[in-house]
Amino acid sequence: MSNALWLAVLASAAGTLLMRVLPLLWMRRRLARLDGEERLDAMPQWLGILGPLMIAAVLGVSLVPTTTDAISWLATGIGVAATLAVWWRLRSLGWPIAAGVAAYGVVVMLGSLATGA
């Protein structure tokens, strides 16, 4: 691999680590300052909202295809529909994602076969 790719991998790893470690260290210091008191305001509201906001951001980015042609939009729509249908049926996390990715892949492959690309 090239040096630029290694640098990108290291930067991604450092960013991922910091997103997890900094709130943990900050919260640990905050709880130590409270000196063991169990209070309702120990955890700030923004820290509880941070996880769902990150998931919503990833979902928003995932819903926009990288190429804006009709096949990509169709594959994205069918992938989302498959994900929701399997989730509605099974109420689990893993199978809906697998079904959505598989549906997306099948539509992209069939689309590339149909267009001759």
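**Helices under questioning**

Colleague: What makes you put a kink in helix 1?

Modeller: In this predicted model, helix 1 has a kink of about 25° centred on L18; a bend is the angle between axes fitted to the seven residues ending at a residue and the seven starting there. Local features need pLDDT of at least 70, side-chain atom pairs count only at pLDDT 80 or more, and totals for chains, interfaces and linings use all residues. Numbering starts from 1 along each chain as its sequence is written, and side-chain values use heavy atoms, with hydrogens and water left out.

Colleague: Where does helix 2 bend?

Modeller: At G51, by about 30°, with the proline P52 following within four residues.

Colleague: Why are helix 3 and helix 4 called roughly antiparallel?

Modeller: Their axes cross at roughly 155° and come within 7 Å. Angles over 145 degrees, on a scale from 0 to 180 between N-to-C directions, count as roughly antiparallel, so helix 3 and helix 4 get that label.

Colleague: What makes up their contact?

Modeller: Contact means heavy atoms within 4.5 Å; among the residues making it are W87 of helix 3 and W95 of helix 4.

Note on methods. Helices (H or I, at least four residues) and strands (E, at least two) are DSSP runs, numbered from the N terminus. Angles under 35 degrees count as roughly parallel, over 145 as roughly antiparallel, 65 to 115 as roughly perpendicular and the rest as oblique.
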